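The sequence and structure are shown first.

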Amino acid sequence: MKKTNLLVASAAIVFACFLGCKKESTNAILNQEELGKSVKNQSITLSPDVQQKIEALYAKIPAAAKAKVRGTAKLQLNMHPEYRGKVRKALKLEETSCDDNTASSQWLDQQLSDWNSTIIDYVLTAAMLDLPTYDALLFENSSANQTFGANGQYSQKLSKAFKDLKRFWNIDSENIVLAAMHGTMLTDRARILRTYKAAFGLDDASANYYADLVLAVVDAYPQLRGGNHPMFTFNAFAQSSFNFPPYGVIPDKIIMGDGIMDAFAAIGYADVAPQAILAHEFGHHIQFDLNLFGDQSGPEATRRTELMADAYSAYYLSHARGASMQWKRVQLFLNVFFNIGDCSFTSDGHHGTPTQRMAAAKWGYEVADKAQKQGHILTAQEFTRQFEAQLPRLIAQ
């Protein structure tokens, strides 16, 4: 994902955004798929009583509170969620001008096949796609006791890779927090309340009205899977430390959503995707540390930093002193990067086309593979210098 100065929370502008051993995660993925199939056989029409209850809950919310949630959040993030475009496309909120219909996009479309316009309206109206993100960003401020995946199935891979990444790259990374994003917070009243109040500035009464609505909607619609639907956590991003009164200093973070990792596991990349995505987000912290974002914004600037993070990731994944992945696994992570490309050429959130992202990852792999001294790790500064020289060729892909 990229650095931006945009405000990133809105019920109308969706903000949600994706990737361990295949065997390790199979049961969890099958359970989610079976749940999705069973839900599709259920009617999406609520009983009149339930529908009337939900409508009454929404009607009780003060107009001023609705305006805050429909508008922009209090919180301004420096990192724009990488997968926003895919979510917007899946919800039919955005068209695409080139072929980014990758396997991950197709999978997300399938997961949404039982959502109708009423469900989407409620989800957007209550900013439910934003709540898990802000909950993790503002309140998960320690790497201790974090679990990744609905059943913890990605925890071991991510914890090991995070430790290795901090050792591998020569930046100050001791204070980076690795945090999980779980959609099940949408069933936890206390977490819903604190997030509405912190991120949207709602007062206690308004936050309670919204919490009533969210809990009722999640309970009424089995299509939302008790908050475990991947749409709510189809996201992974990095954020530099910032002060957020009255909540204090939010530390440097990498946040990994369950949904994005489930997506890649489902399409066959469970063996490498969590590490690849984590290494990409760690790459953004390299950019923070080296002050590589600068003052420029726009599609070209975003594409540069995103392709650079892809290359950082691939270099670590294939390096003999990094994750040391062999060619078979390298091919898998190259496809991971292909799957997260986009075609939003004029958007500030443009991250590079699928082909460009794969090319950047392949180049990072080749830097490690062709090195004369296989045990030598390039400094972040030297690797960046080489990438900047290569960038025009990558963009030409």
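An open sheet is formed by three strands in the order β3-β7-β4, with mixed pairing; strands pair if DSSP finds at least two bridges between them. β3 (177-181) and β4 stand at the edges with a single partner strand each, so one side of each has no neighbour in the sheet. On average, neighbouring strands are turned by 20 degrees against each other, direction ignored.

The model is predicted: local features need pLDDT of at least 70 and side-chain atom pairs pLDDT 80 or more, while totals for chains, interfaces and linings use all residues. Residues are numbered from 1 along each chain as its sequence is written, and side-chain values use heavy atoms, without hydrogens and water.

β4 (residues 236-239) runs antiparallel to β7 (residues 253-257), joined by four bridges. F237 stands opposite I255 in β7. Both faces of β4 are covered, with A236 and A238 on one side and F237 and Q239 on the other all buried, that is, under 20% relative accessible area (1.4 Å probe, protein chains only).

| Helix | Strands | Angle |
|---|---|---|
| α11 (residues 258-266) | β3, β4 and β7 | about 55 degrees to β7 |
| α12 (residues 273-290) | β3, β4 and β7 | about 20 degrees with β4 |

Elsewhere, the axes of α9 (residues 189-200) and α10 (residues 204-220) come within 9 Å and cross at roughly 130 degrees. Residues of this contact include I192 and Y196 of α9 and A207 and V214 of α10.

Terms used. Axes fitted to C-alpha atoms, helices over the stretch in contact; angles between N-to-C directions. Helix = DSSP H or I, 4+ residues; strand = E, 2+ residues; numbered from the N terminus. Contact = heavy atoms within 4.5 Å. Buried < 20%, exposed > 50% of the residue type's maximum accessible area, 1.4 Å probe, protein only.
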